[in-house]
Amino acid sequence: MKDLKLPITIEPKKSAQRHLECDGYFALSGLERLLAVSEKAGEQVNVKVNFGIDAEKLVFISGKASTKINLTCQRCNEPFEQELKVSFIFSPVKDEESAEHLPSHYDAVVVDENGEVNLRELVEDELMLTLPLIPKHDLKDCSAKADTSWGKLPDTLEKPNPFDVLKNLK
Ligand SMILES: [Zn+2]
């Protein structure tokens, strides 16, 4: 458990000049999009992030984040714990246009009118990208039988034909 609660927004340029390093957390309850897919609210999202300036004088934000959430297995419908881990390296830019001039090893993050970035949102975006498309247990941990034809679509969908209504009018 980490005990340093991180600031939600941060000024990357000043932080880079100070070579700031943060090792702390966000409460999962503040990450609403992630929380919407999880049944666990008490967890922490652990974040380690450092700010610096590279040889080309570009500010960078580099870090790692991890958390545990509960997903529902799409095979057996039981909840299971999934660990999410990401690492990232961003460089702050003024607008989309300057983002195009960034070296490709950086992801761009656009600063707001105060020159700040929303670190919490940044971390949440990264974590959202690692969510499995179809969450499911490892086969050995799953209570559903391996041969169940889960996720199979019905053969035909009974749709009312709009022309039937017209026929009846005649
Ligand atoms: Zn399962």
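This is a predicted model: local features need pLDDT of at least 70, side-chain atom pairs count only at pLDDT 80 or more; totals for chains, interfaces and linings use all residues.
Buried means under 20% relative accessible area, exposed means over 50%, and partly exposed is in between, using a 1.4 Å probe and protein chains only. Residues are numbered from 1 along each chain as its sequence is written, and side-chain values use heavy atoms, with hydrogens and water left out.

**The zinc site**

- Four residues hold the zinc ion: Cys-73 (SG), Cys-76 (SG), His-137 (ND1) and Cys-142 (SG), at 2.0 to 2.3 Å. Donors here are N, O and S atoms within 2.8 Å of the metal (3.2 Å for Na, K and Ca), and sites may look incomplete as water is not among the atoms.
- The arrangement is tetrahedral because the angles between the four donor atoms run from 104 to 121 degrees; for four donors, the label needs all angles between 85 and 135 degrees.
- Along the chain, the donors follow the spacing C-x2-C-x60-H-x4-C. Cys-73, in the loop between β4 and β5, and His-137, in the loop between α4 and α5 (162–169), are 64 residues apart, so this pair links distant parts of the chain.
- Helices (H or I, at least four residues) and strands (E, at least two) are DSSP runs, numbered from the N terminus.
- Cys-73 and His-137 are buried, and Cys-142 counts as buried too, because its relative accessibility is 10%.
- As for disulfides (pairs of cysteine sulfur atoms within 2.5 Å), the count is zero.

**The nonpolar core**

- A nonpolar core is a set of buried Ala, Val, Leu, Ile, Met, Phe, Trp, Tyr and Cys residues joined through side-chain atoms within 4.5 Å.
- The largest one has 35 residues, and those touching the most other members are Phe-26, Leu-34, Val-45, Val-47, Val-49, Val-123 and Leu-127.
- Two or more core residues come from each of β2 (21–27), β3 (44–53), β4 (59–72), β5 (79–93) and α4 (119–129).
- Leaving aside residues up to four places away in sequence, Leu-34 touches several residues, including Thr-67, Ile-69, Leu-84 and Leu-127; contact means heavy atoms within 4.5 Å.
- In α4, the buried residues are Leu-119, Leu-122, Val-123, Glu-124, Glu-126 and Leu-127.

**Helix α1**

- Gln-17 sits in helix α1 (residues 12–17) and is exposed, with a relative accessible area of 51%.
- Its C-alpha atom is 8.6 Å from that of Val-59, with Gln-17 and Val-59 lying 42 residues apart along the chain.

Key: Four donors count as tetrahedral if all angles lie between 85 and 135 degrees; four count as square planar and six as octahedral if opposite donors are over 155 degrees apart and all others between 65 and 115; anything else is irregular.
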